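Q: Please take a close look at one part of this model, the interface between two chains. Keep it brisk and give the cut-offs.

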Amino acid sequence: MSVNKYNKHILVLPEDDANRQIANGFLLDPALNDRAIQILPPPGGWTKVLNAFRDNHISEMHKYKNRMMLLLVDFDHDEKRLGNIKNKIPDDLKERVFVLGAQSEPENIKKNIANLNTFEDIGKALAQDCVNETENIWGHELLKHNRNELKRMISSVKPFLFN
Amino acid sequence: MLQRLYIHNFRCLENFELQFKDMPSALLIGKNGAGKSTIGIALEVLQRIGRGINRVAHLVQTEDFARGRTDVPIRFEIEVLIDKKLYQYTLALELQNNFEALRILEEQLIVSGEPIYSRQGASVTLHEAKFMVDWHLVALPIIQRRSEADPLHLFKMWLAHIIILTPIPSLMTGESNGETLEPKRDCANFGDWFSGLLVRYPAAYMQVDKYLREVMPDIRDFQNELIGKNFKTMRVQFQENQADMRIDFRNLSDGEKCFFLCAVVLAANKSYGPLFCFWDEPDSFLSLSEVGHFVTSLRRSFETGGQILATSHNSEAIRKFSNENTLVLYRKNHLEPTLVRLLSDMSFQGDLVDTLIRGDIEL
């Protein structure tokens, strides 16, 4: 059975191919409940993520109350981007939509963190941090800006996303 | 774990090498005719040797020579890591002028750099002993093992347990009149495999059951009932709101049969693995909403042991792999051999699936 939309689940909308591959690695964690998460095709850019969210997902999220969404975007050193994206999320959905991503772009994470040679490796390490409640990777300079959003997401999804 | 596969002069594969070091799962993509399924056919030659088929004529035919080039030997080389030891097996086959049948030119098994046996033509050297084997018989299946721990035996078992799948659901009836751990490529003996797995590894039932409950929440039970002397048939029971429905396995949908197949692959890998599995288009027969979960389940399971190599044309399946575990196969035309390159070693702009749809990937 695909994701059961009547049970709690999360859809991941990655900005691009690099973020998609990070999400793939995340899904390979043995503790993950694969039936509660679905990665969607990458729209190709953070503005397109917003468009896809607006056009395809807002009405569906109103319909399916157990649906959560993670928008996986690059922040490109733009400190206002998180706020700009959040402004496009309807107030009644804000609690169920999360926005995470690299401070610059995922390629820099790969270059700057030893032993994480592929995007999947990054995803696997991020999942391990979530399972173990550590910040080995999430605490890195290029990802630590996600702390508040991550904390909010983990408290919402961990009970159903990890076995 | 398969480290390297080298094939020469076999169908479209010429001087063709695949490296799988540290890859628990990998995907082969490429246009129709690029050679994806041919890799499965080459692996099947090695699997059949492991399963005891030793007559060359039952393994390879003269039409398998690339572009009919019979003056060049067909060569298979496989390198496998078993219990941290590297096994290197080579088999070269030739067709002599004015002969109709292929014969052995060269055969060798090396473990951790030490030769176990080597062969030139009919002459085999095993440790200190020398003896002759018919030119038309592969030596590996007929050399007597000395113990369960004999490297020769371990390697043969590894080959025999290779799972190669191109399932044809209509042939998967769920009926069995025997037990095996050696599924056929088309899965026509699925019932025998299911029976063999459960008889030899009863704990596998739990794993099969766990997976099936995830994909079919209304499944209540499945039985492998004895309905005649040595004849069993699989039946599946569903339950919803206290209503029951029991159906024969043969009447499940094609996709549902593939759920069972996936469950058995996962349980087999846990029970008598680590195994190597080649699955040609595992997305076939599945709904779009199911493909990603199906592929990810396979990938996740093989992360902890064993190896899976899949092929696909399905965008959802392709997106469940990443650049460092996706191999692109390309063949310019039918007169040229298959080329292969890791996607992470290629440069292309934008979305991979879009690029594949446009047919813009070339090597």
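A: Buried area is the accessible area (1.4 Å probe) that two parts lose on being put together, summed over both. Chain B and chain A bury about 2000 Å² between them. Of this, 43% is on carbon and sulfur atoms. In chain B, the residues that lose the most area to chain A are B:His293, B:Arg300 and B:Arg319, together 33% of what that side buries.

The model is predicted: local features need pLDDT of at least 70, side-chain atom pairs count only at pLDDT 80 or more, and totals for chains, interfaces and linings use all residues. Residues are numbered from 1 along each chain as its sequence is written, chains are lettered from A and ligands numbered from 1 in the order in which they are written, and side-chain values use heavy atoms, with hydrogens and water left out.

Now the contacts, meaning heavy atoms within 4.5 Å. On chain B, 24 residues are in contact with 22 residues of chain A. The rule finds four salt bridges across the interface (a side-chain nitrogen of Lys or Arg within 4 Å of a carboxyl oxygen of Asp or Glu). B:Glu303 forms a salt bridge with A:Lys124, with the closest N and O atoms 3.0 Å apart.

Which elements of chain B give two or more residues to the side that touches chain A? They are helix H4 (204–215), helix H6 (288–303) and helix H7 (315–319). Helices here are DSSP runs (H or I, at least four residues), numbered from the N terminus. H6(B) gives the most, with nine residues.
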